[in-house]
Amino acid sequence: LVIFIPRCARRGKYAKGWIKFVPESADDVWHAYNLIAVDDEVECTTMRKLKNEHAGELRESSSKVVKLTLRVRCEDVEYDAEGATIRVKGQNKTECEEVKLNAYHTLEIGIGRAVKIEKTAWDSVDVGRLEEAADPSATADLAAVLIVDGLANVVLVGATQTIVKGKIEASMPRKRGMALMGYEKAETKFFSNVASVVERHVDFDRVKCLVIAGPGFTKDTFTDFLKLEAVRKNWKTLQTNFSRVIKAHASSAYVHSLSEVLENPTVRALISDTKAASEVKALDDFFEMLANDPARAFYGPAHVMAAHELNAIDKLLITDTVFRTRNVAQRKMWVRVTEEVTKSGGIVHIFSSAHASGEQLEQITGAAAILRFPLPDLADAELPAL
């Protein structure tokens, strides 16, 4: 990781600088996506299709694909979660024979491809994200199988996002009467398919634990099946690490139930030092405060900003989507708020919108705060939108 950012950026002042790095994981790609903004200059190797101007008149015009290093000024950026890639569209700023200056080109950034990002103004949120990306203790690599009869989702929880590695569905016969034998056969096949996805995608050298969760007894039956399957298939990695397989309750097999899994005391103890765990706890504390003392729990940009003006914020909860806005003035406003809350002794949690907890926060506008003291009059006030 090579970084050149003037020190004034670390003191909260905007400054020009660049960063050059090679994304080594999907989390690194997600960090890059959150760093790249409109008008940033982004440089990496790319492929460009060029027409062969010297093709003979009798032949159709031919073309060739060449590998180049181009720098573009970003006009639009897209993230592909499935492929863990970013597409950056903009005008070329590299002088070369193959591509005209200011011609449009789309760069694709992915795992293993070096990229350089240059900004005219790095703010404290950008620098904080770089520090987070460089902190190995922030990772929350956790695998989970959310399972009920006939439906399972195998997911990986990283430092910044939740990735569904497999969704397994099966039509299950009834458990009663003559259909019972058919049910047992269907269940074995279903469990076998789920176990195959687990074997393919869960790396015990990387994950802290594998959580098997669901609302009923299917999770218990599958856990027993998985233990026997590890012996039958001589799956040494799972046999050695079966003590790290944990059962937990979840209200469904859908991904949104993952937040319940992260609240499990055993799971929380294993990932207690991670960013994902602190986000889940902060959101729990907010909803608890909202239920018990609503005058100390605000959400919505207008109410959060009004509470900040009174220096009342103890914990600020905000999603990274807020900082991806194209409105520069609005981004600067939220950066200022995060800096001032921190300076006044408060805690700022910037949630990843690619996590279940971040999605929950998005549902209540993406900005919330737990206050130091109640503000009942402000809580009931109707404020104009920011």
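The following legends describe close-up views of a predicted model. Local features need pLDDT of at least 70, side-chain atom pairs count only at pLDDT 80 or more, and totals for chains, interfaces and linings use all residues. Residues are numbered from 1 along each chain as its sequence is written, and side-chain values use heavy atoms, with hydrogens and water left out.

View 1. Helix H1 spans residues 26–35 and contains Asp 27; helices (H or I, at least four residues) and strands (E, at least two) are DSSP runs, numbered from the N terminus. The helix is mostly covered, with 10 of its 10 residues buried, where buried means under 20% relative accessible area, exposed over 50%, and partly exposed in between (1.4 Å probe, protein chains only). Among the buried residues of H1 are Asp 28, His 31 and Asn 34. Asp 27 counts as buried because its relative accessibility is 9%. Apart from neighbours within four places in sequence, Asp 27 is in contact with Gly 158, Ala 159, Thr 160 and Gln 161; contact means heavy atoms within 4.5 Å. Arg 174 lies 147 residues from Asp 27 in sequence and 42 Å from it in space, C-alpha to C-alpha.

**View 2. Aromatic pairs.** A pair of aromatic rings is described by the distance of the centres and the angle of the planes. Rings of Phe, Tyr and Trp (its six-membered ring) pair if their centres lie within 6.5 Å; planes under 30 degrees apart count as stacked, over 60 as edge-to-face and the rest as tilted. By this rule the count comes to eight aromatic pairs. Trp 30 and Tyr 33 form a tilted pair, 5.5 Å centre to centre with 50 degrees between the planes. These two residues are separated by about one helical turn because they are three residues apart in helix H1, and both Trp 30 and Tyr 33 are buried. Phe 286 and Phe 287 form an edge-to-face pair, with 5.5 Å between centres and 65 degrees between the planes. Phe 286 is buried, with a relative accessible area of 0%, whereas Phe 287 counts as partly exposed at 32% relative accessibility. Ring pairs also link Phe 190, Phe 191, Phe 222 and Phe 225 into a cluster.

**View 3. Lysine charges over aromatic rings.** A charge sits over a ring if NZ of Lys or CZ of Arg is within 6 Å of the ring centre and within 35 degrees of the ring normal. The charged end of Lys 89 sits over the ring of Tyr 104, at 5.9 Å from the ring centre. For Lys 119, the charged end sits over the ring of Trp 122, at 5.5 Å from the centre.

View 4. Strand E11 (residues 210–214) and E12 run parallel and are joined by five bridges, with Leu 210 opposite Val 245 in E12.

View 5. E13 and E16 run antiparallel over three bridges, and Tyr 299 stands opposite Ala 368 in E16. Strand E14 (residues 313–319) is mostly covered, five of its seven residues being buried. Five bridges join E14 to the antiparallel strand E16 (residues 367–371), where Leu 371 is the bridge partner of Ile 313. E14 also pairs in the parallel sense with strand E15 (residues 347–351) over five bridges, and Lys 315 has Ile 347 in E15 as its bridge partner. From E14 the chain crosses through helix H10 (residues 328–343) to E15 in a right-handed β-α-β crossover: with the strands pointing away from the viewer, the path from the first strand over the helix to the second runs clockwise.

Technical notes:
Pairing = 2+ DSSP bridges.
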